[in-house]
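Please read these points with the structure open beside you.

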Amino acid sequence: MNVQHILLRIDAISVWIGKASAWLIIGLMTLVCVEVVKRYILNMPTAWIFDASNMFYGTLFMLAGAYALAQNAHVRGDFLYSSLRPRTQAVLDLLLYILFFLPGVAALIYAGYDYAALSWRIGEHSTVTAEGPPIYYFKTVIPIAGALVMLQGLGEIARCVLCIRTGEWPERLRDVEEIDVVAEQLAHSEYVDLEAREAAIERAQNIEKAARQRGMGGEVEP
């Protein structure tokens, strides 16, 4: 098992958890729709809906962090970074990971564990509303999400080291992007001819590359 295979395995874990947590959007949407009907039509608001919605959204937001890192989708100032050579990018990334990422995420895991442990010991419930729902489950997500981000971050550090050695970014696991959806919709359109379809896809790809240029290496299908 080589390093590249291990990196793709780490990517796969982050992608799987990110996709699994995305289903929380359906639960969040259901809660909001039910509360709108109860509050404004039936005049029967539910006290705990606000807390539950925050927990759904917060869990989704935290668990998606490793997925975003695996897809190289976190926000950064690309105006300078994208013009650098891959080896220079890797050196810069490696320094930032060591100086800021590792201490920050380690602190998140450590503090999050204590935060969740205390919540479990006291059987903590939300105080936003009377008889609020338990929130120790929600707080447990903090150290778990931190550990997942740390795992993916270690994989990114390994990618930086490989890039410094070879001068090229290693492959990463690719997931479906917005441009893929555009291409699929155009492919099934009855009102766009082949030439116009290919031109539209090419323009969309150029916009995507310009917006998210990272100087990364090739990608592989999941």
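1. Helices (H or I, at least four residues) and strands (E, at least two) are DSSP runs, numbered from the N terminus. The protein has eight helices and two strands. Read from the N terminus, their order is α-α-α-α-α-α-β-α-α-β.

2. This is a predicted model, in which local features need pLDDT of at least 70 and side-chain atom pairs count only at pLDDT 80 or more, while totals for chains, interfaces and linings use all residues. Residues are numbered from 1 along each chain as its sequence is written, and side-chain values use heavy atoms, with hydrogens and water left out.

3. pLDDT is the predictor's confidence in each residue, from 0 to 100. The average for the protein is 84, and 78% of the residues score at least 70. Over residues 214-222 pLDDT stays under 50. The model has 31 contacts (heavy atoms within 4.5 Å) beyond four places in sequence for residues 214-222. Where pLDDT is low, the predicted coordinates should not be read in detail.

4. The UniProt record, an unreviewed entry, places the feature "transmembrane region" at residues 20-37, 49-70 and 90-113. UniProt positions are given in the numbering used here, feature names are shortened, and annotations may be inferred rather than shown by experiment. In the model, residues 20-37 are 94% helix and 0% strand, with the end C-alpha atoms 28 Å apart. Residues 49-70 are 100% helix and 0% strand, and here the end C-alpha atoms lie 32 Å apart.

5. Buried means under 20% relative accessible area, exposed over 50%, and partly exposed in between (1.4 Å probe, protein chains only). Of the 222 residues in the protein, 36% are buried. A nonpolar core is a set of buried Ala, Val, Leu, Ile, Met, Phe, Trp, Tyr and Cys residues joined through side-chain atoms within 4.5 Å. The largest one has 19 residues, of which L63, Y97, F101, V149, C160 and W169 touch the most other members. At least two residues of this core come from each of helix 3 (49-70), helix 5 (86-122) and helix 6 (136-166). Helix 6 gives the largest share, eight residues.

6. Which residues does L63 touch, not counting residues up to four places away in sequence? They are I17, S21, V141, A145 and L148.

7. Is G153 buried or exposed? G153, in helix 6, is buried because its relative accessible area is 0%. Leaving aside neighbours within four places in sequence, G153 is in contact with L69 and F101. G153 and F101 are 52 residues apart in sequence, and their C-alpha atoms are 7.8 Å apart in space.

8. Rings of Phe, Tyr and Trp (its six-membered ring) pair if their centres lie within 6.5 Å; planes under 30 degrees apart count as stacked, over 60 as edge-to-face and the rest as tilted. The structure holds five aromatic pairs. One of them, Y57 with F61, is tilted, at 6.2 Å centre to centre and 35° between the planes. Both residues lie in helix 3, four residues apart, about one turn of the helix. Y57 is partly exposed at 48% relative accessibility, whereas F61 is exposed at 58%. In the pair of W120 and Y137, the ring centres are 5.3 Å apart and the planes are at 80°, so the pair is edge-to-face. W120 lies in helix 5 and Y137 in helix 6, so this pair ties together parts that are 17 residues apart in sequence.
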